[in-house]
Amino acid sequence: MSLSPCPCCYASELEIFYSAGTVPVHSTLLMRTREAALDYPKGSLELAVCHACGFITNLAFERGRHEYSHDCEESQGCSPTFSRWLQELAAQLVENHDIRHKTVLEIGSGKGEFLEAICRAGDNRGFGYDPAYVRGRHDSQTTGSLDFIPEFWDASKGIHDAEFIACRHTLEHIPDVADFLAQLREAIASRIDTLVFFEVPDVMRVLKECAFWDIYYEHCSYFSTRSLERLFQRNGFDVLECALDYDDQYIMLLARPIASPPVAATDPALELAASDHYRDHWAKNSIHWQAFLQQRLEREQAVVLWGGGSKAVAFLTRIQGSAAIKTVVDINPHKQGAYMPGTGQLVIAPGELKENPPHTVIVVNPIYHGEIEAMLSELGLQPEIVCLQG
């Protein structure tokens, strides 16, 4: 049992259940050469679960090792499946919570797709903070109502009198999560009508499926619905909704600031059981995929991985025999021509598969299976399609 304090509840009851060394410290930073990809700095993973609140953290995480800038390409906006869901999410939030003609702040706004969508849907004014923002990526009538600040947000920046604050897929990158929530609550101050929306990956799915490809260095904080809800309650918020979405991959939380929020009883039994399951069974999943690739290699059957994001980096760097995958496909044109951090595979456009048709396509995220199958069919290709699943 580690004596390190839990970044979520400050208890000293952290138990390490998964360790991995030599993983790239960045999985979204574009690598322009194969040499740079292979030589990029590595870090370690030591995932520990808190016996007091169920929060999971990487004890080996080192601050300051990342290079968040316009060279980061984390956007999923090139996918029709994702873009359609994101537009529907923005429209639903506007409709259900009357987010119209208001000021919206997004912390960790990425390339700006969500902020643009919610400002367009509700005729809102938007402010987005993210050092990875790239100017010129928008071609929209809403551009004039958006201000993107290519910096990290902290309490000194204020909230721009925002009535709606969003933070999507950012909290998992922050090691001191309780301190961050306390800063946000302090910045909101007495504006108790402010609605707060957070979105993070669901760690329970990852642990139950032994999805080792969903664990990577940038993610130093991992949440279940219950541990996320407890975090907000302890830091001055009343949680209105906390549920799963996007094929149950993401947790969606809505909350409002409150003076004395009710705190749910702490019982991390489910998180502890899930972390035990992962510790005992993840290697079996890894061995399965190693055998899968070895079989294709022995048969001289070409294999490509579809999806060049963080999941792909984690998969390629955590299994033996990943060199059997010569190339990675991604529909994001900004990723094409770059190389995979840690293992060096070239990222290509889907159309390039026609030159060397693969026997097998491994789909990194099953939610995109239908979209990818349709693209392959349009290219006149009918490879074996398998999805990364536990």
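Here is a short walk through this predicted model, from the overall fold to one helix pair and the cysteines.

Let's begin with the whole chain. Its secondary structure amounts to nine helices and 16 strands. The radius of gyration is 21 Å, close to the 21 Å that the globule rule gives for 390 residues, so the protein chain is as compact as a globular protein of that length. Taken along the principal axes, the C-alpha atoms fill a box of roughly 65 × 55 × 35 Å. Of the 390 residues, 56% are buried. Among contacts with a separation of 6 or more, 68% join residues 24 or more positions apart.

Now turn to a pair of helices. H6 spans residues 225–234 and H7 spans residues 269–298; the two pack at an angle of about 135°, with their axes 9 Å apart. That angle makes H6 oblique to H7. On the H6 side, the contact is made by Arg226, Ser227 and Arg230, while H7 brings Ala269, Leu270 and Glu271.

Finally, have a look at the cysteines. A disulfide is a covalent bond between the sulfur atoms of two cysteines. How many disulfides does the model have? The count comes to zero. For Cys6, the closest cysteine sulfur is in Cys53, 3.8 Å away, and the cut-off is 2.5 Å, so this distance is too far for a bond. Cys6 has 0% relative accessibility and therefore counts as buried. Cys167 is in no disulfide either, with the nearest cysteine sulfur, that of Cys220, 12 Å away. Cys167 counts as buried too, because its relative accessibility is 0%.

Definitions and conventions: Residues are numbered from 1 along each chain as its sequence is written. This is a predicted model: local features need pLDDT of at least 70, side-chain atom pairs count only at pLDDT 80 or more; totals for chains, interfaces and linings use all residues. Side-chain values use heavy atoms; hydrogens and water are left out. Axes are lines fitted to C-alpha atoms, for helices over the stretch in contact, and angles run from 0 to 180 degrees between N-to-C directions. Helices (H or I, at least four residues) and strands (E, at least two) are DSSP runs, numbered from the N terminus. Angles under 35 degrees count as roughly parallel, over 145 as roughly antiparallel, 65 to 115 as roughly perpendicular and the rest as oblique. Contact means heavy atoms within 4.5 Å. Buried means under 20% relative accessible area, exposed over 50%, partly exposed in between (1.4 Å probe, protein chains only). The radius of gyration is taken over C-alpha atoms; the globule rule is 2.2 Å times the number of residues to the power 0.38.
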